[in-house]
Amino acid sequence: MKTCTVLLALIVSAGLIACGGSPPQPAPANPTTEPAPPPPLPEDVAALAAGLARPEASATAPTPAAALSEITGELVSPLVSQLVAKQAGGRVAAVLVDAGDRVAAGQPLLRLETDYRELEVARARAELSRVRTARDEAERELARKRELLAKGSIPQALHDRTLAARDEAAAGVEAAEAALALAEHRLADATLLAPFAGAIAERRADVGEFLGEGSVAFVLVQLSPLRLRFELPERELGRVRRGQQVEARMDAFPGEVFRGRVRTVGATVDPESRTFTVEAELDNRDGRLKPGLFARVTLPGGGPDA
């Protein structure tokens, strides 16, 4: 600081001499009068003095990263499923939802006619009851043969044949139980259930329609969360990372800002457009946002915690 003061004094003196004056002489001591103010400096000398007095730290002050804004993006659903009935070859008995309806996971969407499946279940239950009775009788007969064998009243071969009959009856029960489970499963498959929570994007089945193998009955889309997909030029690749905050504005909701976080950053750059794809995730618990909406995307400057 002392060096700057001496240098400033030399510059002032030089400026006065250049203007045709002479260095100021010390005024005589006079307790009753105030010293005269120094003459104004020339503009070039004043500018030089001001530059010397400015702190050097201000020239290197960091500036925050500018925000990326007005990027066009589109809302997409992370899950889109074409729903097909598990049991092909059935006629539609009832359609329980329509296009645009929101559904919960496991909610019934459609039922096929079940007359024949119900008959299969009834027959399987009757067969199971019959073989269980036969098994119980074989168990009692085996118990009697064991007592007689212990007394020596019957030969070993007769006991062994009774034991084999009991084992065969037990195996028949297991087969009947499996047949009943299969018939009940086929009956349950006559009802098409929603595999996840979402909204019906398309309904392609009507009452009375025959659904063949692979026939799509509904298209179901997930609404929460939604993905916000947009593209950025390759020069911005170093400024976007997972977890970074994203703001989206849409014409359908004027004045509202929807916030989310970057979920994925494209691993490659498109060789033709020289852009890479970014996907952010928006919560959308209330289901107001819909897949297909366009958005104006803003990424505030900074890192993931911006």
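1. Strands β11 and β14 (residues 294–299) pair in the antiparallel sense over three bridges. Here R249 stands opposite R296 in β14. Strands, like helices, are DSSP runs numbered from the N terminus: helices are H or I with at least four residues, strands are E with at least two. Two strands pair if DSSP finds at least two bridges between them.

2. A word on the source. This is a predicted model, in which local features need pLDDT of at least 70 and side-chain atom pairs count only at pLDDT 80 or more, while totals for chains, interfaces and linings use all residues. Residues are numbered from 1 along each chain as its sequence is written, and side-chain values use heavy atoms, with hydrogens and water left out.

3. Strand β11 has another partner to look at. Strand β12 (residues 258–265) runs antiparallel to β11, and four bridges join the two. Within this pairing, A248 stands opposite F258 of β12.

4. How enclosed is β11? Of its five residues (245–249), four are buried, so the strand is largely enclosed by the rest of the structure. Buried means under 20% relative accessible area, exposed over 50%, and partly exposed in between (1.4 Å probe, protein chains only).

5. Next, the nonpolar cores. A nonpolar core is a set of buried Ala, Val, Leu, Ile, Met, Phe, Trp, Tyr and Cys residues joined through side-chain atoms within 4.5 Å. The largest one has 22 residues. Those with the most contacts inside it are L228, F230, L232, M250, L289 and L299. Two or more residues each come from β1 (68–76), β10 (226–233), β11, β12, β13 and β14. Another core, of 19 residues, lies apart from it; A85, V92, L192 and F196 are among its members. As background, nonpolar side chains tend to be buried together in soluble globular proteins.

6. There is also an open sheet of four strands. Its order is β6-β5-β3-β8, with antiparallel pairing. At the edges stand β6 (191–193) and β8 (210–211), each with a single partner strand, so one side of each is left without a neighbour in the sheet. Strand β3 (residues 90–95) runs antiparallel to β8, joined by two bridges. The bridge partner of G90 in β8 is L211.

7. Helix α3 deserves a check on its length. After α3 comes G152, whose phi is positive, near 80 degrees.

8. Which residues of α3 are buried? They are R117, V121, A124, L128, V131, A138, L142 and K145. These buried residues pack against α4, where contact means heavy atoms within 4.5 Å. E127 is also in helix α3, but is partly exposed at 33% relative accessible area. The C-alpha atoms of E127 and A179 are separated by 9.1 Å, although the two are 52 residues apart along the chain.

9. Now the charged pairs. A salt bridge is a side-chain nitrogen of Lys or Arg within 4 Å of a carboxyl oxygen of Asp or Glu. By this rule the count comes to 27. R125 forms one with E184, the closest N and O atoms being 3.3 Å apart. R125 lies in helix α3 (residues 115–151) and E184 in helix α4 (residues 156–188), so the pair ties together parts that are 59 residues apart in sequence. R125 is partly exposed, with a relative accessible area of 49%. E184 is partly exposed too, at 35%.

10. A salt bridge also links two strands. The side chains of R263 and E281 meet at 3.1 Å, N to O. R263 lies in strand β12 and E281 in strand β13 (residues 275–282), so the pair ties together parts 18 residues apart in sequence. R263 has a relative accessible area of 35% and is partly exposed. E281, at 28%, counts as partly exposed.

11. E236 pairs with R235, the closest N and O atoms being 3.6 Å apart. E236 is buried, at 11% relative accessibility, whereas R235 is exposed, at 68%.

12. Last, a network of salt bridges. It links E137, R140, E141, R144 and K145. K145 is also one of the buried residues of α3.
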